[in-house]
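Colleague: I would like to learn how to read a model of this kind. Please take me through it feature by feature.

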Amino acid sequence: SSSSSSSNSSDGGNSDEDDDVEFWPSGQRKREKKNSNQKQKQKTDKLVYVATPQRLDQNTSGLLVVGTKKSFASYFAKLLRTKTSGQLQSGGSSQSSCGVHKSYRCLVCVTPETTSSMASEVERLQKFQAEGTIIKHFLEPSIRAPKRFVGRVPDEAENPESWAECLLKIANITNVCTVVGNDPSEALATDLWGEFGKPDDCVGILELEIELLTGRTHQIRGQMAALGFPLVGDVQYGGAVPNTSSEYMKNCRGRAEGFLDSETLALQCATLEFLDPDASNDSEKVQRSDRWLSFHLDGAFWTPFVNRYHAESESLSGAAMTFEGVASKRDPNEQQTSPSSDDQLLPPLVQLSPGSHKYIVIRATAVANADEELWFVRSASPEECGGPYHANVAQDLLDRLQSLGYSTTVMGGGRIDFMVNDEVSHAHVFGFSYGFGKGDHQKVATIIEENSDIIATFDMSDGLY
C-alpha cells in the first residue's frame, strides 16, 4: 500500500516485510501473501494530507502556503478567489476585504531605447508608483511560453473575450544600480548573470515591490517585459542571454532549451498576509477571524550582491553625496594655479544637471603657461543654457575660461544621464554631437569620478543626439 511504502522508505527499507520476499534471478521479487496483521495495519494507517492552495510560477522563490487539512486548503483557496475584487475595492492596499494579500520583490533590467534614457525610464516607473497606477495588460490565450501580454486586445483577435485581463501595481522602487562602466557595476553584473548572460542593452537594474491584483501565469514577468523592464535572469522575456555553449548543452543532455530549466529568476514572493481561520463547531469547516497573520522575507538571493555593490560604490566615490547643482571635490579654500588673479572665479571642473541632457567636454590651457591643462565637463538643459544645441551648452563656459586667460577647445560631446540618489548619485555618458563630434566617453566618466562624488559609467552608443 502507499502507506506501507512511505513507512519503508522512511526507515531505509529495513522493515519486517523484507523477510517475506522471495528474490528471483531477473532482479524482480515476489511478495508473499500478507498476514492478517499487515492487512489490519493497512486499514488503520492514514495518509497525510498535503495541498498547496497557492502556487508559484517555475523558478519563482519565496513564501508558499501549504495546507495539511482539507478545511484550511478550501478556506485559503476561497480567499484567493475573492482576492482580485477585494483588492480593487481597496485600491490594492494590504489587508483588504478579501482577507489575503501578497507582494513580490523582483529585479528588473533598465534598457533604454534610442529615444529614451536611463533617467527617463526610471522616472516612468516612479510615476506609476507615485500615482498608484493600476497597470493593465491582456494575456493571449495560449499554452505556449513565453506568453504574449499586450496593452489592448488586437482588433483581429478571433475571440477577444478569451484574452485575460492582468492587473498589477508598483508599490515601491529602490535606487538604480548600474551594471556597466566601473568595477562595482561589472562585479554586480557577473553576480547576477554570470560571465555572459547580461543583455547587451541593459545598463542598470532596479528592485521593485509589486502587488498582483490578478493571478495569471507569468504575469509579473510578462507585464514588466511588455513595459520594457524584463526581469533579471528571465531568458524567455528578454532579461538574460541563453547559454547555448556546447558544454552547457551537453550538461542539459540534449534538451534543446535546457537552459530554461535552470535559469535564475530574480522574482520572489516576499510578503504574505491572510486572516487566520477559526474552527467552527464542525471540525471540517473553518471561518474567518479578525486576526491577520503576516509573513515577510527581509531579502532575496540577490540582496548580498546589491549590498556589496553599494558598499563598493561608496568606497569608490569616497562618500555618498547630496547634489546641490555643482558637484566638485575641490576645496574652495585650496590654492589653485591660474592665470587669473581671481582664483575663485575658475569654474568647477564638473557641473551636471539632473536628467538626460547634452554634454560637452572642454580642454583648457593657460595662454601664459601651455603646460597647465584643465578639463571641464558640462551638461545642461535647453532652459539652463539658452538653446537646444551642444554649442549652447558650451558657450558660457568658453566665454568664462577665455576671460580668465585660457585657450579652449571643445573636444566633443554627447549626452549625460544624471540621476541624483540619496545614497550614491550616478552619471551615464553616451551619445554624440553633430557639431563637435563624439566625446571620449571613457575619459569624461573618469573626469567626473575624479572631480566629484558621482559614480560615472559610459557606453559608446550613438543614441539620443
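**Confidence first**

Modeller: This is a predicted model, and over residues 1–30 the pLDDT stays under 50, with 25 contacts beyond four places in sequence in the model. Residues 317–343 also have pLDDT below 50, and there the model has 51 contacts beyond near neighbours in sequence.

Colleague: How should I read stretches where pLDDT is low?

Modeller: Where pLDDT is low, the predicted coordinates should not be read in detail. For the protein as a whole, the mean pLDDT is 79, and 74% of the residues reach 70 or more.

Colleague: Which strands pair with strand 4?

Modeller: Strand 10, residues 267–279, runs antiparallel to strand 4 and is joined to it by 7 bridges. In that pairing S103 stands opposite T271. Strand 9, residues 204–212, also pairs with strand 4 in the antiparallel sense, over 7 bridges. There V108 stands opposite L206.

Colleague: Now the empty space. What shows where it is left?

Modeller: A probe the size of a water molecule, rolled over the atoms, shows where empty space is left. In this model the largest pocket holds about 420 Å³ of space. Its lining has 22 residues, and R55, K102, Y104, G215 and R216 lie nearest the centre. Helix 3 (70–81), helix 4 (83–89), strand 4 and helix 7 (219–226) each give two or more residues to that lining.

Colleague: Which element gives the largest share of the pocket lining, and how do the lining residues divide by class?

Modeller: Helix 7 gives the largest share, 3 residues. By class, the lining of the largest pocket has 8 nonpolar, 7 polar and 7 charged residues.

Colleague: How many cavities of 30 Å³ or more are there?

Modeller: The count is 1 cavity, and the volume of the largest cavity is about 90 Å³. Its lining includes N175, V176, T178, N421, E423 and H426. Helix 9, residues 303–317, gives the most to this lining, with 3 residues.

Colleague: What classes of residue line the largest cavity?

Modeller: The cavity lining has 4 nonpolar, 7 polar and 1 charged residues.

How values were computed
Residues numbered from 1 in each chain as written. Predicted model: local features only at pLDDT ≥ 70, side-chain atom pairs only at ≥ 80, totals over all residues. Heavy atoms only, no water. 1 Å grid on protein atoms, 1.4 Å probe; cavity = no way out; pocket = protein on both sides within 12 Å on 5 of 7 lines; lining within 4 Å. Points joined across faces, edges and corners; volume = space filled by probe spheres on them. Helix = DSSP H or I, 4+ residues; strand = E, 2+ residues; numbered from the N terminus. Nonpolar A, V, L, I, M, F, W, Y, C, P; charged D, E, K, R; others polar. Pairing = 2+ DSSP bridges. pLDDT = per-residue confidence, 0-100. Contact = heavy atoms within 4.5 Å.
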